[in-house]
Every structure is written in C-alpha cells, then in structure tokens.
Amino acid sequence: MFEATVFLDYFADLPDPRQPGKVAYRLDEVLLLALLAILAGAEGFTDIARFGRTKVALLRRFLPFRNGTPSHDHLGDIFAALDPVAFRRCFATWAATLTQTPLDVIAIDGKTSRRSGQAGARDALHVVSAFAARQRLVLAQTKVSGKSNEIAAIPALLDLLSIEGAIVTIDAMGCQRAIARKILDKKADYVLALKGNQGTLHDDVTLFVEEQRARGNREPG
C-alpha cells in the first residue's frame with residue numbers, strides 16, 4: 001500500500017479547483033487511478049476509465065473510491081481543470097525521487113509529436129522534455145506552440161528540476177546566455193550546441209579551436 005500511494009504525498013499541495021460540495025471523485029483517487037492505469041499500459045482517458053471499471057476492487061485496497069471511478073469524459077474534465085504549472089511541479093518533484101543514482105546527464109530537447117496536427121484542425125503538438133539519460137526517465141516536460149518558443153520554455157522547465165551536479169545538454173536553440181546562467185545558478189554544468197547562426201560566438205569558438213590545434217593541443221579521443 002505504501003509503495004502505491006506514496007507518490008500522492010508529492011501532489012498534496014496540488015490545488016483542486018472543483019467546488020467541494022460537487023466533488024464525486026476525490027483528487028487523490030483520480031491521481032492514483034491515472035497512475036496505476038498508465039503503469040498498466042493505458043494511453044488515454046478511455047483506457048484509464050476502463051481500467052477503473054474493471055479494477056475498482058484493487059483500487060479500494062488503497063483508497064475508498066466510494067463512488068466508484070469516473071468516466072473518460074469526467075476524467076478529461078478533472079485534468080483539464082487542474083493548474084498545469086502546479087501539476088508539472090508536483091510531477092517533476094516526484095519523478096526526481098525515482099532515480100536511485102545521481103543524475104549525470106539531463107538532455108533537454110523539443111519534439112513534435114508524430115501524427116499530431118495532421119487533420120489540419122489543430123496545430124502540431126510540440127513538447128520540450130528533460131530526460132535523465134542514465135535513468136532513462138522523463139523528469140519533466142512542457143508544451144509549447146512551436147520550436148521557436150523553446151527558448152522561453154527551457155528556463156521554466158529548468159525551474160521545475162533539481163539538477164545540482166548534473167550536466168545539462170541542449171541543442172543550438174538553447175545556446176543562450178540566460179539559459180546558461182540559470183543552469184550555473186542551479187549548480188549544474190552544461191553542454192550547448194553551437195551553430196553558425198550564433199554569429200561572433202561561433203566565430204570566436206572556431207578561432208579558439210583552430211589556435212589550440214595549431215599549438216598541438218588535440219581533441220580528446
């Protein structure tokens with residue numbers, strides 16, 4: 001019981017915006033249902049609702065679930081009402097506890113979800129994620145409207161994470177002074193990709209490397 005519900009401690013401060021007198025399903029019950037269903041392979045609210053209907057006896061071993069479990073529509077409404085920033089912060093704090101070894105490399109990258117936006121009615125879903133390489137675990141992620149908005153999203157993502165002692169890698173989009181400074185302020189190091197569109201910085205680094213090679217200082221390996 002402890003192992004299945006301990007994660008709820010990290011969501012204890014997550015605000016529930018619903019009117020107390022109209023709550024049929026407690027927020028901790030909804031969160032536990034979603035977690036166990038996803039661990040069992042659920043990929044959406046329909047799957048989570050189906051898991052709840054068929055596994056309600058199992059769920060009641062942990063929490064009361066006096067009103068059973070919500071439908072997929074009700075689940076969607078509940079999660080849509082939650083504060084996404086507060087939820088991400090709770091999730092990132094919990095996810096960080098799952099790593100049994102210190103974080104070595106955290107890769108921050110933006111990806112456009114396949115098949116999203118193909119119907120033409122919606123924009124493609126673009127997500128910026130922080131991935132712990134050794135643990136193979138997504139620590140946190142945030143949705144952005146497009147790749148050009150990654151620069152604004154990365155600092156907010158870093159604010160969610162405890163990265164002390166880690167090395168943060170980011171592609172050329174994240175090669176910004178403010179981002180580098182935030183990483184250092186959080187007592188981590190960084191490896192940032194550098195491309196020609198960075199102007200004089202790229203030229204300065206190229207010149208430095210050429211000078212080192214001319215002096216006989218070879219690259220490691």
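Predicted model: local features only at pLDDT ≥ 70, side-chain atom pairs only at ≥ 80, totals over all residues.
Residues are numbered from 1 along each chain as its sequence is written, and side-chain values use heavy atoms, with hydrogens and water left out.

**Exercise 1. Classify the ring pair of phenylalanine 11 and phenylalanine 87.**

Step 1: start with the description. A pair of aromatic rings is described by the distance of the centres and the angle of the planes. Rings of Phe, Tyr and Trp (its six-membered ring) pair if their centres lie within 6.5 Å; planes under 30 degrees apart are stacked, over 60 edge-to-face, and the rest tilted.

Step 2: search the whole structure, which gives 6 aromatic pairs. In one of them, phenylalanine 11 and phenylalanine 87 sit 5.5 Å apart, centre to centre, with 50 degrees between the planes, and the pair is tilted.

Step 3: Phenylalanine 11 is in the loop between α1 (2–5) and α2 (27–39) and phenylalanine 87 is in helix α6 (residues 84–96), so the pair ties together parts 76 residues apart in sequence. Helices here are DSSP runs of H or I with at least four residues, strands are runs of E with at least two, and both are numbered from the N terminus.

Step 4: check burial (buried is under 20% relative accessible area, exposed over 50%, partly exposed in between, with a 1.4 Å probe and protein chains only). Phenylalanine 11 is buried at 5%, whereas phenylalanine 87 is partly exposed at 24%.

Step 5: collect the cluster. Phe7, Phe11, Phe45, Phe79, Phe87, Phe91 and Trp94 form one aromatic cluster.

**Exercise 2. Work out the strand order of the open sheet.**

Step 1: two strands pair if DSSP finds at least two bridges between them. The 5 strands come in the order β3-β2-β1-β4-β5, with mixed pairing.

Step 2: find the edges. β3 (137–144) and β5 (189–192) each pair on one side only.

Step 3: look at one pairing. Strand β4 (residues 167–170) runs parallel to β5, joined by 4 bridges, and valine 168 stands opposite tyrosine 190 in β5.

**Exercise 3. Describe how α7 and α8 pack.**

Step 1: axes are lines fitted to C-alpha atoms, for helices over the stretch in contact, and angles run from 0 to 180 degrees between N-to-C directions. For α7 and helix α8 (residues 177–185) the angle is about 5 degrees and the axes are 10 Å apart.

Step 2: α7 is therefore roughly parallel to α8 (under 35 degrees; over 145 is roughly antiparallel, 65 to 115 roughly perpendicular, the rest oblique).

Step 3: list the contact (heavy atoms within 4.5 Å). Ile151, Ile154, Pro155, Leu158 and Asp159 of α7 meet Ile179, Lys182 and Ile183 of α8.
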